[in-house]
Amino acid sequence: MYTVGLQSAADAFLLSSFKAQVVLALCILFALLVFGHGPHTDDIPAQTPVFLPGPHLLAIAPFFQRRFEFLNDGFRKTGQKLFQFNMLRETVIVVSGETGRKAFFANRSFDLTEGFKVLSGAIPVVKGVTSELQTRQIALIHKRLASVQKNDHLSQLIAPILEDCRRVMDSWGASGTFDPFNKIYELLFQTTVRCIASVEIASDPALVARLKKLYDILDSGTTPATVLLPWLPGPSMLKKLWATKQVYEIIAHAVDTRVQSGESQNDTLQMLVDAQDERLVMVGFIMGLLVAGARATGTTASWLITFLGNAPEWKDKAIFEIEQLLAMYPPHAAQTTSLSSHLASVPLEAWEAETPVLDALIHETLRIAQPHTAMRRNLGPDAVIDSKTIPSGAYVVYPFSDVHLNPELYPDPWKFDPSREEVKTPFGYLGWGGGRTVCLGQRLARLELKLITSMMLLGFRYSIVDSKGARPDPAPQPNWNDILLCRPEKGTCYLAHEKSVFSL
């Protein structure tokens, strides 16, 4: 059932003698050195993208560990808008510029699933559950995600999300200091479990914490070896195997218990059960979308709260907008006067249509603090970008930094400025993706971000401080080399908070 590597091979490797393990490791290293070296660049046709100089084996670790620097360095070394290198035996072509961007997102033969299968490794892999899915299964998952975001379902999620916020924020105490990239991310993981999984899991803080810890193990265990050599039973792969198995069992148990009990709950799992989806589809939907949603939305929320802590004028604008909403939609007479219950009285249509300031804040945060590199595989035929041939079978990547951190499109690109005018160039903004591949969960993500930001801004007085309690100078900056969470350097950014007069 669990196919991230071969369990029998892992057992045999671990039970073998130290000498045998060393011999196997040396054989693998020899193969990598022989086959991973860059190709000879003599007499390369003019239509072939230039090769990155140096042994291509040495490009593997930087691509996974310092991708932002690695890609920028590649453009600098080659002096070209396109360059290529080998990822073991696979060809990877990096594209940039307006022409490259338009061609990349418009080409129907550039396949997202095949691209991420080899180059990402960020999703827990269970054959037939989160990987090697049939086209029918993928289409069904997309359909279910759309159902999660229908008006009725989203409206019903507002109060539970805000109640999760109240409970978690209460645990922070009346005042204190914490790392927002831990605490805010934990909060977003909780609300994402609430939205994507089941009431039973979301209402068990210990179980949610365990799930997060397991997903953290998957993140930390993602190495070049685990992505490119998934059959090699190294320590990181064995940890990923174990964590994936634990996540699978937690979610599968929740699915099986619900189906067998026949009890009905008002949650996403019930929607899947009522649709009579296959068991593996239900488990895969929750496993894959839980981590994908929590990572992206958690990163955005952590940075949004951080940016506002250093931008008092925008914090004031957001607070004013939220207070106007509360004035327009007073709580029902039977409701308590807590902040969470008052915010829950604001209808979905108001959150979506009457919050232009929050929309601008999210838009700008996505531009600066989502270090995505879009990954595709050309399924054929050969394509041409900027007069260079992209052969069938090659992997193609496009770094979002090429557009989002481009000073010609966004002057002073690292500055947090939600008042920026819309860029008119094609695919000039990719915060929710581009072309045929856009974030299918963006409606849910926007709602989560607005609710959590509102609770934070009205529930606390807070500021961003450094390790000494002073205002950081310079302000924290997203680390685009941290390809999953984009966190600043550890120990440099903290949130000092004090509860406001509002009762959470």
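**Close-up views of salt bridges, sheet and helix packing**

**View A. Glu200, with a relative accessible area of 40%, is partly exposed.** Buried stands for under 20% relative accessible area, exposed for over 50% and partly exposed for what lies in between, computed with a 1.4 Å probe on protein chains only. The model is predicted, so local features need a pLDDT of at least 70 and side-chain atom pairs count only at pLDDT 80 or more, while totals for chains, interfaces and linings use all residues. Residues are numbered from 1 along each chain as its sequence is written, and side-chain values use heavy atoms, with hydrogens and water left out. The side chain of Glu200 meets that of Arg258 in a salt bridge, with 2.6 Å from N to O. Because Arg258 belongs to helix H13 (residues 235-261) and Glu200 to helix H10 (residues 199-202), this pair ties together parts that are 58 residues apart in sequence. Arg258 itself is buried, at a relative accessible area of 3%.

**View B. Helix H8 (residues 151-170) holds both Glu163 and Arg166.** These two residues are three residues apart, about one turn of the helix, and their side chains form a salt bridge of 2.7 Å from N to O. A salt bridge here is a side-chain nitrogen of Lys or Arg within 4 Å of a carboxyl oxygen of Asp or Glu, and a search of the whole structure finds 24 of them. Glu163 counts as partly exposed, with 37% relative accessibility, and Arg166 is also partly exposed, with a relative accessible area of 24%. Helices (H or I, at least four residues) and strands (E, at least two) are DSSP runs, numbered from the N terminus.

**View C. Asp164 and Arg194 meet through their side chains in a salt bridge of 2.9 Å, N to O.** This pair links distant parts of the chain, since Arg194 lies in helix H9 (residues 180-196) and Asp164 in helix H8, 30 residues apart. Asp164 is buried, with a relative accessible area of 2%, and Arg194 is buried as well, with a relative accessible area of 15%.

**View D. Three strands form an open sheet in the order E5-E13-E12, with antiparallel pairing.** Strand E5 (175-178) and strand E12 (460-465) are the edge strands, each pairing on one side only. Two strands are taken to pair if DSSP finds at least two bridges between them. Between E12 and strand E13 (residues 494-499), which run antiparallel, there are six bridges, and Phe460 stands opposite Lys499 in E13. Helix H15 (residues 279-309) packs on this sheet and touches E12 and E13, and its direction makes about 90° with that of E12. In a regular strand, side chains alternate between the two faces of the sheet.

**View E. Helices H15 and H21 (residues 442-459) pack at an angle of about 35°, with their axes 10 Å apart.** The axes are lines fitted to C-alpha atoms, for helices over the stretch in contact, and angles between N-to-C directions run from 0 to 180 degrees. From H15, Thr297, Thr300, Ala301, Leu304, Ile305 and Leu308 meet Ala445, Glu448, Leu449, Thr453, Met456 and Leu457 of H21, where contact means heavy atoms within 4.5 Å. The residues of the contact of H15 with H21 divide into eight nonpolar, three polar and one charged. For this division Ala, Val, Leu, Ile, Met, Phe, Trp, Tyr, Cys and Pro count as nonpolar, Asp, Glu, Lys and Arg as charged, and the others, Gly among them, as polar.

**View F. Strands E2 (residues 83-87) and E3 (residues 90-94) run antiparallel and are joined by five bridges.** They form a hairpin with two residues between them, and Leu88 in the turn has a positive phi of about 60°. Met87 stands opposite Glu90 in E3. E3 also pairs with strand E9 (residues 395-399), in the parallel sense and over three bridges, with Val92 opposite Tyr395 in E9.

**View G. Asn72 lies in helix H4 (residues 67-78).** Asn72 counts as partly exposed, with 34% relative accessibility.
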